[in-house]
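Here is a friendly briefing to read alongside your viewer. Please have the sequence and the structure open as you go.

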Amino acid sequence: MHRHISRVRPPRTPAGPVGARFAQRVIATTPPVAGHLMVGFLDEAGTPEEVALVLSGLPEALHPLLPAMRAQASEDLRVLRNGA
């Protein structure tokens, strides 16, 4: 899987108003459980600018929680990939 992912050209996220609508749609269609994993996957797959654009669709009240979500995602992804 990692070999395939490394060969695939990542899609570019749109900018401007289209990007804002895209970000809102991503957040609106994300399952309500384990949202921290979405943040972790975005951090791994996107550029900092792309991640910031998508996460801008989060409700403002969640923005202060992003560091904790990133830390939890990092740990959970480590366990999922390597075991406890």
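Glu-75 and Arg-78 form a salt bridge, with their closest N and O atoms 2.6 Å apart; the term stands for a side-chain nitrogen of Lys or Arg within 4 Å of a carboxyl oxygen of Asp or Glu. This is a predicted model, in which local features need pLDDT of at least 70 and side-chain atom pairs count only at pLDDT 80 or more, while totals for chains, interfaces and linings use all residues. Residues are numbered from 1 along each chain as its sequence is written, and side-chain values use heavy atoms, with hydrogens and water left out.

**Salt bridges**

- The structure holds three salt bridges.
- Glu-75 and Arg-78 are three residues apart in helix α5, so about one helical turn separates them. Helices (H or I, at least four residues) are DSSP runs, numbered from the N terminus.
- Glu-75 counts as partly exposed at 36% relative accessibility, and Arg-78 is partly exposed at 35%. Here buried means under 20% relative accessible area, exposed means over 50%, and partly exposed lies in between (1.4 Å probe, protein chains only).
- Another salt bridge joins Asp-43 to Arg-70, with the closest N and O atoms 2.6 Å apart. Asp-43 sits in helix α3 and Arg-70 in helix α5, so this pair ties together parts that are 27 residues apart in sequence.
- Asp-43 is partly exposed, with a relative accessible area of 32%, and Arg-70 is partly exposed at 32% relative accessibility.
- Glu-44 and Arg-81 also meet through their side chains in a salt bridge, at 2.7 Å from N to O. This pair links distant parts of the chain, with Glu-44 in helix α3 and Arg-81 in helix α5, 37 residues apart.
- Glu-44 has a relative accessible area of 47% and is partly exposed; Arg-81 is partly exposed too, with 43%.
- As background, side chains of opposite charge can pair when their charged atoms come close.

**The nonpolar core**

- The largest nonpolar core has 10 residues: Val-26, Ile-27, Met-38, Val-39, Val-51, Val-54, Leu-55, Leu-58, Leu-66 and Met-69. Such a core is a set of buried Ala, Val, Leu, Ile, Met, Phe, Trp, Tyr and Cys residues joined through side-chain atoms within 4.5 Å.
- At least two residues of this core come from each of α2 (16-28), α3 (35-45), α4 (48-55) and α5 (66-82). The most come from α4, which gives three residues.
- Neighbours within four places in sequence aside, Val-39 is in contact with Leu-55, Leu-66, Met-69 and Arg-70. Contact means heavy atoms within 4.5 Å.

- Leu-66, Met-69, Ala-73 and Leu-77 are the buried residues of α5. They cover an arc of only 60° around the axis, which puts them on the same side of α5; the arc is that of the directions from the helix axis to the C-beta atoms.
- These buried residues pack against α3 and α4.
- Pro-67, Ala-68 and Asn-82 are exposed on the other side of α5.
- Pro-67 has a relative accessible area of 54%.
- Gly-83 follows α5 and has a positive phi, near 85°.

**Other places to look**

- His-36 belongs to helix α3 and is buried, with a relative accessible area of 16%. Leaving aside neighbours within four places in sequence, His-36 is in contact with Met-69, Gln-72, Ala-73 and Asp-76.
- Glu-50 is in helix α4 and is buried, with a relative accessible area of 11%. A polar atom of the Glu-50 side chain lies 2.8 Å from the backbone nitrogen of Thr-47.
- Ala-34, in the loop between α2 and α3, has a phi near 55°, a positive value in a residue other than glycine. At 39% relative accessibility, Ala-34 counts as partly exposed.

Definitions and conventions. A polar contact is a pair of N or O atoms within 3.5 Å; within protein, one must be able to donate a hydrogen and the other to accept it, and residues adjacent in sequence count only if both atoms are side-chain atoms.
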